[in-house]
Amino acid sequence: MTIHDVIGIGFGPANLALAIALEEQEAGLSARFLEARTEPAWQPGMLLDGSDIQNHPSRDLVSLRNPRSRYSFLNYLHENGRLLEHLNLPIEFPLRKEYARYITWVARQFDHVVDYGRRAGEVRVVERDGEQLYEVTADTGETYLGRTLVVGPGRTPYVPEPFASAGSRRVFHLTDYLFRLAEFTADRAPESVAVIGGSQSAAELTLDLAHRFPGARVRNLVRSFSLRLKDTSPFSEEGYFPAFTDYYHQVSPEARRRLDAYMHATNYSSVDGDVLKELYLLIYEQRLDGDQKVSVDGNLQAVTAAEQDGKVVLELRELNTGAVETDSFDLVVVATGFRDLGPGPHQELFPQVIKDVAGRFRTEESGALQVSADYALEALDEAAGTPPLFLNGLCESSHGIGDAGSFSLLSLRAQTLLDGIRKRAGAASSTASATASA
Ligand SMILES: Cc1cc2nc3c(=O)[nH]c(=O)nc-3n(C[C@H](O)[C@H](O)[C@H](O)COP(=O)(O)OP(=O)(O)OC[C@H]3O[C@@H](n4cnc5c(N)ncnc54)[C@H](O)[C@@H]3O)c2cc1C
């Protein structure tokens, strides 16, 4: 069986950026990526009409690392004959659906290193001819052997209670939005939909539902007072600079928590000004017309959720007065974000796909995995010869807001990973040959 120098789990933007770096730097490392989807796609459940991206378009898969690369967003526009037209658009950020096409366009040029339709299930460490390797088994039954593993499956959707145990397909995370809509609304428009959460996605979904189903009642249910404006201060945006990542990585857990609190509104529980204004105006106009269908209702927490006769019934508690109301919806979209790595109730200790090898690595006092500056996990027992394992796109709790699954630092992170792979793979092979000759 072929032994690859690098095996990557997932082929989203994070591992795609690494594949580009491996090719452009002629790293001389063989790589194979397993991707669960049957073809390349970026956030396909959320390609809403009119929605735009949240990053500067040149903070793409490659430009910060190699501005001369042919895999840039600008070159994608050029090669697809849309550069001049695109630059003439009256918008600040590209449409999400166009950025998704850019990612697919790049990914298609790396088909030779990816196996699509393979969900990595089990990961083990095995020994072949005195060498410790990762053995990754896909859900199709195939196995892959690699000297280094790069885990880039994206963050796990966070679905809080009571929605997690509602056991209804009518209750779903935003990542399934367009698919579930197609399933439940093909024959008949919904009468009522609830959107849970105060995130950018929640506001976008509320608007999308309002435009798609003008006759439907759409309630955006928010636990805090209401929807908050995103912090887009250029000073705060420096949290998405590599210098911040280095700084964050070296400070204490308490200091990280302080920095997290500051950075929170740059990415979480907050909404871009243009989306907020559009939503507020829509609600105002509906009230003016005496036909209010859309609302943003704050201070509300769902305490129960259950499907009854094709409707999802929510019991809602007003958090400040304690008043309880019941409302029912055809669909409930949960826009409450993603899990980060860590011991907290909204977190997970490790990505599930590495559950069988996670015990080989050092953890912080809190139980969270200890992630090195180059995104490698540190083996508990160095003598055990555990091969290098890197996390890609999952490390906000160790590397700060720039690693919150965003594009901002993808291309530079690919360089850090590549340097780490070269360094650690070299160290592992000299340890293996020393052990063999001893
Ligand atoms: C609606 C939405 C909009 C966003 N918009 C922006 C934006 O505008 N700008 C920005 O910077 N960030 C945005 N983000 C953040 C987003 O997470 C990143 O843009 C980017 O998708 C992260 O890339 P990734 O490769 O880490 O994860 P993902 O894009 O999630 O890719 C991970 C891939 O791994 C695959 N996979 C998972 N598990 C396995 C397995 N076991 N085996 C094999 N394959 C597996 C998945 O199928 C997926 O293709 C957005 C997120 C969402 C949800």
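**A first walk through the model**

Tutor: Start with Leu341. Setting aside residues up to four places away in sequence, Leu341 contacts Gln347, Glu348, Phe350, Ala368, Leu369, Leu394, Cys395 and Ser397. Keep in mind that this is a predicted model.

Student: Where is Leu341 placed?

Tutor: Leu341 lies in strand β15, residues 340-341.

Student: And is Leu341 buried or exposed?

Tutor: Leu341 is buried, because 22 other C-beta atoms lie within 10 Å and the cut-off for buried is 20 or more.

Student: How far apart are Leu341 and Leu369?

Tutor: In sequence, 28 residues. In space, the C-alpha atoms are 7.8 Å apart.

Student: Now Ser58. Where is Ser58 found?

Tutor: In the loop between β2 and α2, where α2 covers 73-79. Ser58 counts as partly exposed, because it has 13 C-beta neighbours inside 10 Å.

Student: What is Ser58 in contact with?

Tutor: Ser63, Phe73 and Leu74, leaving out neighbours within four places in sequence. Ser58 and Leu74 are 16 residues apart in sequence and 7.5 Å apart in space, C-alpha to C-alpha.

Student: Let's zoom out. How many helices and strands does the protein chain have?

Tutor: Eleven helices and 17 strands. The chain is as compact as a globular protein of its length, because its radius of gyration is 23 Å, close to the 22 Å that the globule rule gives for 438 residues.

Student: What box do the C-alpha atoms fill?

Tutor: Roughly 85 × 50 × 45 Å along the principal axes.

Student: How many of the residues count as buried?

Tutor: 38% of the 438 residues. As for contacts, take those between residues at least 6 apart in sequence: 73% of them join residues at least 24 apart.

Student: Which residues touch the most other members in the largest nonpolar core?

Tutor: Leu16, Ala17, Leu18, Ile20, Val151 and Phe390, out of 64 residues in that core. Helix α1 gives the largest share of this core, eight residues. A second, separate core has 40 residues, including Leu207, Val271, Val312 and Val332.

Student: What about domains? What does the domain assignment give?

Tutor: Domain 1 is 3-156 + 339-437, and domain 2 is 171-230 + 268-334. Their centres, taken over C-alpha atoms, are 33 Å apart.

Student: How many residues does the contact take from domain 1 and from domain 2?

Tutor: Five residues from domain 1 and nine residues from domain 2. On the domain 1 side, three are nonpolar, two are polar and none is charged.

Student: Last topic, the ligand. How many residues surround the ligand?

Tutor: 29 residues, and the closest are Gly10, Gly12, Pro153, Gly154 and Gly393. By class, the shell holds 13 nonpolar, 13 polar and three charged residues.

Student: Which element gives the largest share of the shell?

Tutor: Helix α1, with three residues. Both α1 (13-24) and β2 (31-35) supply at least two residues of the shell.

Key:
Residues are numbered from 1 along each chain as its sequence is written. This is a predicted model: local features need pLDDT of at least 70, side-chain atom pairs count only at pLDDT 80 or more; totals for chains, interfaces and linings use all residues. A residue is near a molecule or strand if its C-beta atom, placed from the backbone, lies within 6 Å of it. Helices (H or I, at least four residues) and strands (E, at least two) are DSSP runs, numbered from the N terminus. Ala, Val, Leu, Ile, Met, Phe, Trp, Tyr, Cys and Pro count as nonpolar, Asp, Glu, Lys and Arg as charged, and the others, Gly among them, as polar. The radius of gyration is taken over C-alpha atoms; the globule rule is 2.2 Å times the number of residues to the power 0.38. A residue is buried if 20 or more other C-beta atoms lie within 10 Å of its own, exposed if 12 or fewer, and partly exposed in between; C-beta atoms are placed from the backbone. Two residues are in contact if their C-beta atoms, placed from the backbone, lie within 7 Å. A nonpolar core is a set of buried Ala, Val, Leu, Ile, Met, Phe, Trp, Tyr and Cys residues joined through C-beta atoms within 7 Å. Domain bounds come from an automatic or database domain assignment.
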